[in-house]
Amino acid sequence: MIKLEGLTKVFPGHNIPAVKELNLEIKEGDVCVLVGPSGCGKTTTMKMINRLYEPTGGKIYIRGEDALQMDPIKLRLDIGYVIQEIGLFPHMTIEENVATVPNEKQWPKDKTREKVKEVMTLVGLDPDVFKDRYPTALSGGQRQRVGVARAMVSDPPIMLMDEPFGAVDPITRARLQNEFLRIQERMGKTIVFVTHDIDEAIKMSDTIAVMREGELIQHDTPSDLLSAPADEFVSNLVGRNRSIKRLHLIRINEILEDVSRGKPLNEDAKKDDIEKQLAESDIRSVIVVDRDNKLKGVIGVNDLKRKAGEVARDYCQDVSDTITDDATLNDALSVMLEIGEGYVAVVNEDDRYQGTITLGDLLNVVKEDS
Amino acid sequence: MLRNIWVWVGIPLIMIGIAAAIVIYSVNNPTDSIVARMLTYERVFRVIREHMGLLLVSMTGATIVGVAGGIMLSRPSLYRIGRVMETIVNIGQTVPSLAVLALFYTILGLGFRVAVFALFLYSILPILRNTFAGIDGVEHNIIEAARGMGMHPLRILTRIELPIAFPIIVAGLRTAIVINVGAATLATFIGGGGLGDLIVTGLSVHRDMIIINGAVIAAVTAILLDYLIGKVEERVVRWA
Amino acid sequence: MDQLLWAVFDTLRAAGNGMMLSAQSDDPGLFMQTVNWISRRSEMLMELMLEHLWLVVLTLIIAVIISVTVGIIISYYESMAQTVLGICQILMVIPSMAMLAFMVPLFGIGFTTGVMALVLYSLLPIVRNTYTGIRELDPAIVEAAKGMGMTERRILFKIKIPLARPVIMAGVRTAAVMMIGIAAIAAYVGAGGLGELIFSGISRGHQPMIIAGAIGVSIIAIVFDYLLYYGEKRFAVEGRTREGN
Ligand SMILES: Nc1ncnc2c1ncn2[C@@H]1O[C@H](COP(=O)(O)OP(=O)(O)OP(=O)(O)O)[C@@H](O)[C@H]1O
Ligand SMILES: [Mg+2]
C-alpha cells in the first residue's frame, strides 16, 4: 500500500539529513508503528508521505502510484492525518473541526452531520455534549480524540497518526488503544503510527519500524523484534524485560480457553454448592452470575463466614473492576495490580462473563515464551 | 433582544441626541451677532459632511489597502519584507498626526484631497500591522494540520488564518479609527475642512459657544465610533 | 472612493511637478532651503524644542503621579475599576483639537490649557497598565507575602508596585509618545513648543519652517519611544514581560 524507497530529507541549512535512505513497505491493512528517540525523523517521514515536506531524494509509492507526481491536495484528502501537536482550529466548534475534510470534499450537509456524530461516538466523545464546544473547553485528552475523529471522518484508506494518544493518562490511553484496535479490526485501514512508548508500539502494531538518527534500523513484526533485536540499540529500546513485554502481544481471549476454571456460580446456588466450589477454587473466591450470564459479584472464603443468608446472591460482593476479553494480558496485569487482587474477571463487550484470569496464568505465559 | 436594541440603537441615539440638543440650543440662542452669523445649521451640516467625507474615504481606502497588504506580506514569499515593514510601521506610527499633515501640506499643498490622502496613509499603518501580526500569530501547527488534511492554500487563508486573526484585525481598525477621527479635526489647518473648522473659527473670533459646538460634535463622533467598534470587538470572539 | 483615487492621482502629479520644478529652477530645493533655515535659526529651534520637552516632561510627571495613584486605588476597588477605565477610555478617544477646545473656555489661551489637556489624555494608558499590572500578578505571590505577615502597605510597596513596574512603564511610554504629538497641537492654543513652527509656517506659507517643526516633533517622539523602550526592557529583566497597551 505504502512503499518508501531511499527516502531522504535534508532540511535547508542542515548538513546531516533528518531522514536518510529510508526503505519501508507497509502492506494494505497493516498498522506500522514508527519508534525511536526524539528527533530521529519519525514526524519528518510522515510529513513526506502526505507531502507536507518535499523529500530531498527517494520515492514514495501509494498503491503503486508515484505520490510525488500526484496533486498534493488530492493526495492529502485521502490520507487521514493526526498531527503531533493536535492542531485543532480554535475558532471552530468541535463539530466544525471534525467536519473539515467533508466540507473540503463538499459532502451534503446531512451526510456530514451523521458521519461526524458517528466518529465522535467512536472515539468516546458524546456528540450531544461536545459538538458545540470550542477546543479551549476541552481537556488535553479530549482534544486529542477530536484530532483522531477529524482524521478518520471521511474514511480515508490510509491514516498517519503522530503520537495520537500522547496527552492522555495511562488508563484512558489503554482504553483508547483498545477502542482503536477494535475499530481497526473492522476497518482494516493502512496506518502509520508514531509513538515514543515501546509498549504501545508492541500492542498496536502489525509491524514495528525502529529508527535512529534518520535511519531505519529494523522493520519486523513485534514478536520478531522482541525475540531477535537487530542490534544493541534495538534491544535497549525494547528493554530488558522482554518476556514481560510479550504480555502486550497476547489478547485475553487467546488464552481464556486454556485457563478455564469451571462454571461460575448461579446467583440462586445454595450454600453447599458455594462451599464445594470455593474448596476447588485456586483463587479462594468464586464468581457469581445471573441467569443471563451477567456478572453479579464474587464470594470470598471470608464472606461465607461473615454474612448470613441462603443463596449465593446474599453472600456476594461487587467486583472492583473487570476487563474485556479483547484487552491484552498486560492490561489484565495492570488491572490486577490496581485492584490489589490476584485475579480479574473477564467479560465480553455485552458485559457477559467469560472467565477469570489469574497472576499465575500470566506467569505461565511469560515462562513458556522465554 | 431588548438589550441589543439598547446597545446598538439606544445608547448611540442618546449620544447623538446630546450633541444635537447642544447644536439646536446654540443656533437658536446665539450669544451675539458674530455667533449668529458663524454658527448656522448650514455651516454645521457642511462641516459634519466634510468630516464624514474625510473619515469615510480615508478609512475605506486604508482598510482595503491595510488588510490586503497585511495578507500579502504574511505570505511566505514576502514574509521577510513583512518583518521589515513591521519596524517601519512602528516608527511611522510614532510620528505625530500633525507632523504628517504638515509634511503632506509642504509636498502637496492645501485641500480636502491632500487631507484625505494623508489620513489614508496614516490610517493604513495600524491596520496593516495588525493584519500582518494577526496572521503571523496563527500557530504553525494549526496551519500544518489544515494543510495535512488537504485544504487549499486559499481556503486556509479564508477559513483558518483570517478568522483566527480577525479580532486582532478589528483591534487595528479600532486604533485606526480613533487616530483618524482625531487627525481629521486637524485637517482644517491644511484646508481640508471638517469639524476642526468650527473649533478654529471659534478660537479666532474668541467665541466659546462656537468652540464648544465643534468640540462636542467631534467628541461625540469619536466616542460613538469607538463605542460601536468596541461592541463589535466584544462580539467577534466566541471561542477564546 | 473616487475621491481617494483622485487624491492618489493628485499626489503623483504634484510629486512629479515638484521634482521637475526643483530640478529646473535655479533657486535651491526645498531640502536645501530647510537646511539653511535650520542652521540660521538653530537657537530659536533649540528654545522651542526645550519648551516642548518641558511641557511634555512636566505633564508626564503630573500624569504619572495621578494615574498611578488612581490605578492603585481601583486595583483595590474592583467595582470602581470598569467605570474609571471607561471614563479614561472616553477621554483618550476625544480628538485632541476637541479636548483643547474644551479647555480654552475654562483655562484661557496658554500653557495651563496645554498641561490640562495633556494630563487628561495620558490618564488611560497609565491607569490601565497600573491596574492590569497589579491585577495580573500571580495571586500566589501576594498570598505568600500575606502569609509571612507583611502588612498591606508593605505588600503594595515591596511586592505589587515593583513587580508591576515594567507594565506601568509600558503605559508611560505610550502616554509619552502620544503627549509629544498632542503638545504640538497645543501650540495652537498658546502652549508653545515646536508646534508653533508648524502653525505659523502654514499660515505664512513658509515651508522650511513647517518641515523643521514637523521633523523636530517626529524626532523627539521617535527618540522618546526608543529611550523608554529600553527603559522598559531594563525593568522587564527583573521578572515580568511587558504588557500591551
Ligand atoms: N521544519 C524543520 N526545519 C528544520 N529542521 C527540522 C524541521 N523539522 C524537523 N527538523 C529536524 O529534523 C530532525 C527530525 O525531526 P522530527 O520532527 O522528524 O523528529 P521526531 O522523530 O518526530 O521527534 P519527536 O519524537 O520529538 O517528535 C530533528 O533534528 C529536527 O530538529
Ligand atoms: Mg515528532
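The model is predicted, so local features need pLDDT of at least 70 and side-chain atom pairs count only at pLDDT 80 or more, while totals for chains, interfaces and linings use all residues. Residues are numbered from 1 along each chain as its sequence is written, chains are lettered from A and ligands numbered from 1 in the order in which they are written, and side-chain values use heavy atoms, with hydrogens and water left out.

- Ser218(C) lies in helix H10 (residues 207-237) of chain C; helices (H or I, at least four residues) and strands (E, at least two) are DSSP runs, numbered from the N terminus.
- With a relative accessible area of 8%, Ser218(C) is buried, a term that means under 20% relative accessible area, whereas exposed means over 50% and partly exposed lies in between (1.4 Å probe, protein chains only).
- Ser218(C) and Arg41(C) are 177 residues apart in sequence, and their C-alpha atoms are 19 Å apart in space.
- Of the two pairs of chains in contact, chains B and C share the most contacts, whereas chain A and chain C do not touch, their nearest C-alpha atoms being 21 Å apart.

**Chain B as a whole**

- Chain B has ten helices and zero strands, and its C-alpha atoms fill a box of roughly 75 × 50 × 20 Å, taken along the principal axes.
- Of the 240 residues in chain B, 55% are buried.
- Among contacts in chain B between residues at least 6 apart in sequence, 78% join residues at least 24 apart.
- Chain B exposes about 10300 Å², of which carbon and sulfur atoms supply 69%; accessible areas come from the Shrake-Rupley method with a 1.4 Å probe, and for residues only the protein chains shown count as cover.

**Helix packing in chain B**

- Two packed helices are described by the angle between their axes and the distance between the axes.
- Helix H5 (residues 97-108) of chain B packs against helix H6 (residues 112-136) of chain B at an angle of about 135 degrees, with the axes 10 Å apart; axes are lines fitted to C-alpha atoms, for helices over the stretch in contact, and angles run from 0 to 180 degrees between N-to-C directions.
- That angle makes H5(B) oblique to H6(B), because angles under 35 degrees count as roughly parallel, over 145 as roughly antiparallel, 65 to 115 as roughly perpendicular and the rest as oblique.
- The residues that meet include Phe104(B) and Leu108(B) in H5(B), and Val114(B) and Leu121(B) in H6(B).
- The residues of this contact of H5(B) with H6(B) divide into eleven nonpolar, one polar and no charged; Ala, Val, Leu, Ile, Met, Phe, Trp, Tyr, Cys and Pro count as nonpolar, Asp, Glu, Lys and Arg as charged, and the others, Gly among them, as polar.
- Helix H3 (residues 41-74) of chain B and helix H10 (residues 208-236) of chain B pack at an angle of about 35 degrees, with their axes 12 Å apart.
- This contact joins Val44(B), Ile48(B), Met52(B) and Leu55(B) of H3(B) to Ile217(B), Thr221(B) and Leu225(B) of H10(B).

**Positive phi values in chain A**

- Gln106(A), although not a glycine, has a positive phi of about 55 degrees, and Gln106(A) is exposed at 68% relative accessibility.
- Glu213(A), also a residue other than glycine, has a positive phi near 45 degrees and sits in the loop between strand S9 (207-212) and strand S10 (215-220) of chain A.

Methods
Contact means heavy atoms within 4.5 Å.
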